Amino acid sequence: MIISVTMDLKNLIELGKNYPWDVPGPCPGCGGELWSHGFVKRYFEEIQKPVFLKRYKCVKCGSIHTLRPDDHFPGMLASKADMLCSMLKKSNLNRWEKNFSHQRQLHWFRRFSKEFKDA
C-alpha cells in the first residue's frame with residue numbers, strides 16, 4: 001500500500017536514507033502499529049537516479065506501506081502538476097505538451113478519464 005506524504009524531493013535526494021521521515025499513524029488497513037521496514041528504490045521524472053523511499057510494515061496484518069510524495073500519483077513517474085499542464089493544454093489548445101511523448105500523455109489522459117468516469 002502507498003501512503004502519500006508531503007515531502008521535499010530535493011532534500012530527499014541530498015539526504016538519501018538520512019531524510020527525516022515523519023512516522024505515519026496507524027495502518028490504514030487494520031489500524032495496527034507500523035514498524036520501520038527499510039527502504040525501496042523508486043524513480044521520478046525529474047530525477048535521474050533512484051530515490052530511496054521509506055517503508056513500514058504493520059505488526060498486526062503484515063501489510064507493507066511505502067511513503068510516497070503526495071505531488072505524484074502512485075505508479076506514475078511524472079508529477080501531478082506536469083500531468084495537469086499536459087491535459088489542460090490538450091483540452092484548451094488541442095495540442096500535446098512538447099516535453100513528453102504523445103503516447104505517454106495519451107496514457108495519462110485515458111487513465112484520468114477512466115477515474116472520473118468510474119467516480
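**Exercise 1. Describe the overall fold of the chain in this predicted model.**

Solution. Read along the sequence, the elements come in the order β-α-β-β-β-α-α. Counting by type gives three helices and four strands. For the extent of the chain, take the C-alpha trace along its principal axes: the spans are about 50 × 35 × 20 Å. Next, consider burial: the chain has 119 residues, and 32% of them count as buried. The exposed surface comes to about 7800 Å², with 54% of it supplied by carbon and sulfur atoms.

**Exercise 2. Examine helix α2: its span, its buried residues and what follows it.**

Solution. Step one is the span. Helix α2 has 14 residues, and its first and last C-alpha atoms are 20 Å apart, close to the 20 Å expected at 1.5 Å a residue. Step two is burial. Met83, Ser86 and Met87 are the buried residues of α2. They lie on the same side of α2, because the arc they cover around the axis is only 90°. Step three is the residue after the helix. Just after α2 comes Asn94, with a positive phi of about 55°.

**Exercise 3. Classify the ring pairs Tyr19 with Trp21 and Phe100 with Trp108.**

Solution. The structure holds three aromatic pairs, and two of them are treated here. An edge-to-face pair needs planes over 60 degrees apart. For Tyr19 and Trp21, the ring centres are 4.9 Å apart and the planes stand at 70°, so this pair is edge-to-face. Both Tyr19 and Trp21 are buried. For Phe100 and Trp108, the centres are 5.1 Å apart and the planes are again at 70°, so this pair is edge-to-face as well. Phe100 and Trp108 are both buried.

**Exercise 4. Find which lysine lies over the face of Phe52 and which over the face of Phe39.**

Solution. Take each ring in turn. Over the face of Phe52 lies Lys17, 4.6 Å from the ring centre. Over the face of Phe39 lies Lys54, 4.7 Å from the ring centre.

Conventions: Residues are numbered from 1 along each chain as its sequence is written. This is a predicted model: local features need pLDDT of at least 70, side-chain atom pairs count only at pLDDT 80 or more; totals for chains, interfaces and linings use all residues. Side-chain values use heavy atoms; hydrogens and water are left out. Helices (H or I, at least four residues) and strands (E, at least two) are DSSP runs, numbered from the N terminus. The expected span of a helix is 1.5 Å times one less than its number of residues. Buried means under 20% relative accessible area, exposed over 50%, partly exposed in between (1.4 Å probe, protein chains only). The arc is that of the directions from the helix axis to the C-beta atoms. Rings of Phe, Tyr and Trp (its six-membered ring) pair if their centres lie within 6.5 Å; planes under 30 degrees apart count as stacked, over 60 as edge-to-face and the rest as tilted. A charge sits over a ring if NZ of Lys or CZ of Arg is within 6 Å of the ring centre and within 35 degrees of the ring normal. Accessible areas come from the Shrake-Rupley method with a 1.4 Å probe; for residues, only the protein chains shown count as cover.
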